[in-house]
Amino acid sequence: MDSFSSFFDSQSRTHWSYSTFKNFSQISPLVQSHLKRVYLTLCCALVASAFGAYLHILWNIGGYLTTFACFGTMIWLLSIPTYQEQKRVSLLMASAVFQGASIGPLIDLAIKIDPSVLVAAFVGTALAFACFSGAAMLARRREYLYLGGLLSSGVSILMWLHFASSVFGGSTTLFMFEIYFGLLVFVGYMVVDTQDIIEKAHLGDLDYVKQALTLFTDFVAVFVRILIIMLKNSAEKNEKKKKRRND
């Protein structure tokens, strides 16, 4: 937790101004151009994911099959050489469609309960992504890469918690702890992965497809957790309203 607090402390010590937000002098023009390709590809993947969710709403295709298909296409993408650019981009879009279909049941539930929650969750995720990625770009190079080890430990904790709840049975408290803790971990990954992409680009790694996949995974992980939290809060509010009406 000290590592996460140091991130916010360092940002609070920075004198923010309009010129600060325009200052990307430590990022070379080549890397800036590369980042534009990464984020453009990420936007296309998000659109493909929305299409996958729409397909689930139409035909109820989301489930274990689409989840396995999503992981399969990701592994296939990572195994293909970087010079086969068109094929890798196509696999990224296919993976995004399968990912969208996999979270389609959750999105369908949100639409049935309160469509405004879905919009609010996406806007909140987009704002968080923009803020934390922007902070990573404006920070000194490699400043937050040390968080990678801590975040990896966080992912391991999440996996063990999920395994324990599957074997021994879970509770609502444990589930919500996993959601909030996972949200913290993947928001941290937004910062670390952004700086990692910038550093790799400076070292000559311009694999924008793989890097867009990394950011896409972070975005979806945060979006799903924010949506679950907002749905839970919305459901609790509806229950309170019903009780007041009955009283």
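Helices here are DSSP runs of H or I with at least four residues, and strands are runs of E with at least two; both are numbered from the N terminus. The model is predicted: local features need pLDDT of at least 70, side-chain atom pairs count only at pLDDT 80 or more, and totals for chains, interfaces and linings use all residues. Residues are numbered from 1 along each chain as its sequence is written, and side-chain values use heavy atoms, without hydrogens or water.

**Annotated spans**

An unreviewed UniProt entry lists "transmembrane region" for residues 38-55, 61-79, 91-111, 117-138, 145-168, 174-192 and 212-231. Such annotations may be inferred rather than shown by experiment; positions follow the numbering used here, and feature names are shortened. Residues 174-192 are 100% helix and 0% strand, with end C-alpha atoms 27 Å apart. Residues 145-168 are 92% helix and 0% strand, and there the end C-alpha atoms lie 36 Å apart.

**Core**

A nonpolar core is a set of buried Ala, Val, Leu, Ile, Met, Phe, Trp, Tyr and Cys residues joined through side-chain atoms within 4.5 Å. Buried means under 20% relative accessible area, exposed over 50%, and partly exposed in between (1.4 Å probe, protein chains only). The largest core has 65 residues. Leu35, Phe223 and Leu227 have the most contacts inside it. Helix H10 (208-246) is among the elements that give two or more residues to this core. H10 gives the most, with 17 residues. Leaving aside neighbours within four places in sequence, Phe223 contacts Ile103, Ile107, Leu118, Ala121, Phe122 and Thr125 (heavy atoms within 4.5 Å).

**Salt bridges**

A salt bridge is a side-chain nitrogen of Lys or Arg within 4 Å of a carboxyl oxygen of Asp or Glu. The count comes to 5.

| Pair | N to O distance |
|---|---|
| Arg37 and Glu85 | 3.1 Å |
| Asp196 and Lys200 | 3.3 Å |
| Glu236 and Lys232 | 2.4 Å |

Arg37 lies in helix H3 and Glu85 in helix H5, so this pair ties together parts 48 residues apart in sequence. Arg37 is partly exposed at 41% relative accessible area. Glu85 is partly exposed too, at 36%. Asp196 and Lys200 both lie in helix H9, 4 residues apart, about one turn of the helix. Glu236 and Lys232 have that spacing in helix H10: 4 residues, about one turn.

**Surface patch**

Phe51, Tyr54, Leu58, Trp59 and Ile61 form a nonpolar surface patch with about 560 Å² of accessible area together. Phe51 sits in helix H3 (residues 29-59). Its relative accessible area is 46%, so Phe51 counts as partly exposed. Patch residues have over 30% relative accessible area and no salt bridge; like charges are joined within 9 Å, nonpolar side chains (Val, Leu, Ile, Met, Phe, Trp, Tyr) within 5 Å. Areas come from the Shrake-Rupley method with a 1.4 Å probe; for residues, only the protein chains shown count as cover.
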